[in-house]
Amino acid sequence: RVLWCALTAALLLPSLPSTAQNPVIRDQYSADPTARVFGDRVYLYPSHDIISPVAPERRWFAMADYHVFSSNDLADWTDHGVILDQKQVPWANHEGYAMWAPDCVEHQGRYYLLFPSGLASERGFGIGIATAPSPIGPFTPAAKPLDGVRGIDPCMLQTSRGESYLFWAGNGGITVARMNDDYQSLAETPKTIAGLPDGFKEGPFAFERNGLFYLTFPWVRQKNGTETLAYAMSESPEGPYTFKGLIMDEWPDKCWTNHHSIVQYRGQWYLFYHHNDYSPTFDKCRSVRVDSLSFRPDGTIVKVHPTLR
Ligand code: FUB
């Protein structure tokens, strides 16, 4: 029976390419990729960089909507179109172009898109939730952003014990709070993660592997530097975390940001990240890339060197 299953899988499932062709999204800018596996496909929820139609000072990090993409070989991606636009979000500034790095998770048969956006009522970012019956929508945003959360770059960690923790970048660091089961409110007062190195950090992506928790994040490790990807490990979701080092170095050609997610698909781990491949003179128009990632026997991560093409 095992042999039969293996043979059927080998015949039915396309084999994954041994090297990815980067960038993977080639007809639009895409950044801050969160990849998630739902069923037998990988779904990619990136930000969507555009050249903003509004004043030049708002051209940095201009994003009006989200697309979702899916693939079963990580090479060919289907664009399922726009799943949420800033104008659909009741609490967001509809001309803010600040639909930044999202995440999407499944919980009790529904899909929860977590996204930051500029607030209509005051300066700064809130984090909102939109729900859908499928990974590709249609997503309906809640009327208000999450209470008690101000910041960007949400990531939901769902543990093997059935708890959920929201991580985000805010209050000058990386912040975490356990979520209530309704996925509409925090179950506790947010805490800033301690034990991480000095230097600017954002874009938390947390995951669990073999009973250990990984908190991974873009990190500017030196003055006038650009973002590396770094990580810390812990035996519990909220820490204490121990800093472990870099997953990816700074790029030599000065795209200031990097932002990533890590996912296991058909037994192999992958790092999704971004770089300004298609916009070498303006690093706010970025493109999503993917490369394989591996772990040492002690659970630490082997540094990833970007595939050049
Ligand atoms: O894409 C806008 C911002 O740039 C994200 O929120 C950050 O993580 C950085 O990638």
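**Strand pairing, ligand shell and confidence**

Colleague: Which residue in β7 is the bridge partner of F115?

Modeller: G128 is the bridge partner of F115 in β7. This is a predicted model, so treat everything here as computed.

Colleague: How many bridges join β6 to β7?

Modeller: There are 8 bridges between β6 and β7. The two strands run antiparallel. They form a hairpin, with 6 residues between them. In the turn, G124 has a positive phi of about 105°.

Colleague: Is β7 largely enclosed or largely exposed?

Modeller: Largely enclosed by the rest of the structure, because 6 of its 8 residues are buried.

Colleague: What else pairs with β7, and in which sense?

Modeller: β8 does, in the antiparallel sense, over 2 bridges. The bridge partner of A130 in β8 is P141.

Colleague: What joins G137 and P138?

Modeller: A cis peptide bond, with omega about 0°. P138 lies in the loop between β7 (125-132) and β8 (140-141).

Colleague: And the bond from N22 to P23, cis or trans?

Modeller: The bond from N22 to P23 is cis, and its omega is near -5°. P23 is in the loop between α1 (2-12) and β1.

Colleague: Switching to the ligand. Which residues are around it?

Modeller: The residues around the ligand are A31, D32, S47, F61, W100, A101, I152, D153, E202, G203, T257 and H259. By class, that shell has 5 nonpolar, 4 polar and 3 charged residues.

Colleague: Which strands each supply at least two residues of that shell?

Modeller: β1 (31-38) and β9 (152-158) do.

Colleague: Where does β9 sit in its sheet?

Modeller: β9 is an edge strand, and so is β12 (191-192). Each of these two pairs on one side only. The sheet is open, has 4 strands in the order β9-β10-β11-β12, and its pairing is antiparallel.

Colleague: How many bridges do β9 and β10 pair over?

Modeller: β9 and β10 (residues 164-170) pair over 5 bridges, in the antiparallel sense. In β10, S164 is the bridge partner of Q158.

Colleague: What about the sheet with β17, β18 and β19? What is the pairing there?

Modeller: The pairing is antiparallel, in an open sheet of 3 strands ordered β17-β18-β19. Its edge strands are β17 (261-265) and β19 (287-293), and each pairs on one side only. On average, neighbouring strands of this sheet are turned by 30° against each other, direction ignored.

Colleague: How many bridges join β18 to β19?

Modeller: 7 bridges join β18 (residues 268-275) to β19.

Colleague: Why is V290 called buried?

Modeller: V290 has 27 other C-beta atoms within 10 Å, so V290 counts as buried. The cut-off is 20 or more.

Colleague: What separates the C-alpha atoms of V290 and H260?

Modeller: They are separated by 9.2 Å, with the two residues 30 apart along the chain.

Colleague: One more hairpin. How many residues lie between β3 and β4?

Modeller: 6 residues lie between β3 and β4. L74 in the turn has a positive phi of about 65°. The strands are β3 (residues 65-71) and β4 (residues 78-85), paired antiparallel over 5 bridges. In β4, the bridge partner of Y66 is L84.

Colleague: Now confidence. What pLDDT does the chain average?

Modeller: The chain averages 92, and 92% of the residues score at least 70. Over residues 1-15, though, the pLDDT is below 50. That stretch has 2 contacts in the model beyond near neighbours in sequence. Where pLDDT is low, the predicted coordinates should not be read in detail.

Colleague: What ipTM does the predictor give the complex?

Modeller: The ipTM is 0.98, and the pTM is 0.93.

Definitions and conventions
Residues are numbered from 1 along each chain as its sequence is written. This is a predicted model: local features need pLDDT of at least 70, side-chain atom pairs count only at pLDDT 80 or more; totals for chains, interfaces and linings use all residues. Two strands pair if DSSP finds at least two bridges between them. Axes are lines fitted to C-alpha atoms, for helices over the stretch in contact, and angles run from 0 to 180 degrees between N-to-C directions. A residue is near a molecule or strand if its C-beta atom, placed from the backbone, lies within 6 Å of it. Ala, Val, Leu, Ile, Met, Phe, Trp, Tyr, Cys and Pro count as nonpolar, Asp, Glu, Lys and Arg as charged, and the others, Gly among them, as polar. A residue is buried if 20 or more other C-beta atoms lie within 10 Å of its own, exposed if 12 or fewer, and partly exposed in between; C-beta atoms are placed from the backbone. pLDDT is the predictor's confidence in each residue, from 0 to 100. Two residues are in contact if their C-beta atoms, placed from the backbone, lie within 7 Å.
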